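Let's take a walk through this structure together. Have the sequence and the 3D view ready, and follow along one stop at a time.

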Amino acid sequence: FPVTILPCFSGSPARATQRTVEKVRKQAWTQAGTAVNAGSASEAAKQAGLDWNVMLAPMEAYVSNKVNEFETVTDHYPVPKRQAVLKLGKDYNNEVIGVVGDKYKIVQNMEVFSALDTLVDSGDARYTAAGEYNNGANIWMVMELPMGVQVANDPHAAFLLVQSSHDGSCAVRIRPIIERLFCANQINRITKGKHKNDYTYVMKHTTNSKLSVEDIRNITQLTYTSIQEYEAVASTLLQRKVDDRQVKNIFKQVWALPDPVELAPEHLLSQGEKRQRTIALAGRESAWNIYSQSHTQENIRGTAFGVWQAVIEHADHFASGGADRRAVATISGRNDKIKDKALNLVLA
């Protein structure tokens, strides 16, 4: 199983896959956002509908008391240490998208994104997609880097995922992601355990926070280091052979159930336990069907790498909730936990 570095963008002829498949899946970021073709962050933000600002506004509570049948008095009370975040829409169509503390610093969309222009200007990256979820409380942009890796004749592309929030739910985060192009599987983390955030750049929403050019360069280097680690992990897992019994056991551990829920007759389970078991059994079955039957497994079936990719493929493309919800879960990292769990198990 060869593992080689590919020095080119995925859209270029040199990146053409050695294995072809009908393109029936969208990448998470084109499902959850907008594909862009832009030479600057401002152009990319405009194409994706992110060319808006936010502002902080004081909060207050109010109580209306009816004095008599003709008169009502409303008392207003300032809310201490809390501020509302307003998304400033066109034609003064503003709306509250979050509530934050009094020390929270706004970082506008373009404050985050425009710092990335230095990578585009130097040819080190290009804007690929951008979007928002939670009504704009969370915003993100994806940049592709001109270096990937080929695993078992499957090209993988490398990207930077830039995320921020306007409701205090997360800091500005920039992290590398790798996509297996053949099946649009997204790998957000390669390392395990306490090192899982080694390749993530974090800038909190505090007064002195500022994204510098030097920070951006360091982030790019982290991405290339993560590609090398992915190459090493993939090589190890491709050499690790597994039989069907081992594969099913790994899936059982990924979607583990307590013995009382796993073994009890259906009529003895509570509604919550029934739902828990239904979800676990569905996940195991879906991953097994992908592993044993999908054309995406033809060149990796029988290896620990194939087992890991089957779990990723389930999380990204077959988990319950619909395509849009799955795409947001992939972009936000909500489904990283199950992918990480599978990686830990196949590396054990």
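Helices (H or I, at least four residues) and strands (E, at least two) are DSSP runs here, numbered from the N terminus. What you are looking at is a predicted model, where local features need pLDDT of at least 70, side-chain atom pairs count only at pLDDT 80 or more, and totals for chains, interfaces and linings use all residues. Residues are numbered from 1 along each chain as its sequence is written, and side-chain values use heavy atoms, with hydrogens and water left out.

Start with the overall view. The protein has 11 helices and 11 strands. Of its 348 residues, 50% count as buried, where buried means under 20% relative accessible area, exposed means over 50%, and partly exposed is in between (1.4 Å probe, protein chains only). The accessible surface comes to about 17200 Å², and 51% of that belongs to carbon and sulfur atoms; such areas come from the Shrake-Rupley method with a 1.4 Å probe, and for residues only the protein chains shown count as cover. Contacts (heavy atoms within 4.5 Å) tell you something too: among those between residues at least 6 apart in sequence, 65% join residues at least 24 apart.

Now find the loop between strand 6 (126–133) and strand 7, where Asn135 lies. Asn135 has a positive phi of about 60° although it is not a glycine.

Follow the chain onward into strand 7 (residues 138–151), which runs antiparallel to strand 8 and is joined to it by 11 bridges. Two strands are said to pair if DSSP finds at least two bridges between them. The two strands make a hairpin with 2 residues between them, and Ala152 in that turn has a positive phi of about 50°. To see the pairing up close, pick out Val149, whose bridge partner in strand 8 is His156.

On goes the chain to strand 9 (residues 172–180), which is antiparallel to strand 8 and joined to it by 8 bridges. One of the pairings is between Ala157 and its bridge partner in strand 9, Glu179. This second hairpin has 6 residues between its strands, with Gly168 in the turn at a positive phi of about 80°.

Ala184 is buried, with a relative accessible area of 5%.

Jump ahead to helix 9, where you'll find Gln309. Gln309 is buried, with a relative accessible area of 0%. What does Gln309 touch, leaving aside its neighbours within four places in sequence? Its contacts are Arg180, Asn185, Ile187, Tyr230, Gln297 and Ile300.

On a 1 Å grid over the protein atoms alone, a cavity is a set of points where a 1.4 Å probe fits but cannot get out, and a pocket is an open set with protein on both sides within 12 Å along at least five of seven lines; lining residues have an atom within 4 Å of a point. Grid points are joined across faces, edges and corners, and a volume is the space filled by probe spheres set on the points. The largest pocket has a volume of about 840 Å³. Of the 26 residues that line the largest pocket, the closest to its centre are Trp255, Ile279, Ala319, Ser320 and Ile338. Helix 8 gives the most to this lining, with 8 residues.

Finish at helix 10 (323–332), one of the helices that each supply at least two residues of the largest pocket's lining. Helix 10 is mostly covered, with 7 of its 10 residues buried. Just after helix 10, look for Gly333, which takes a positive phi of about 90°.
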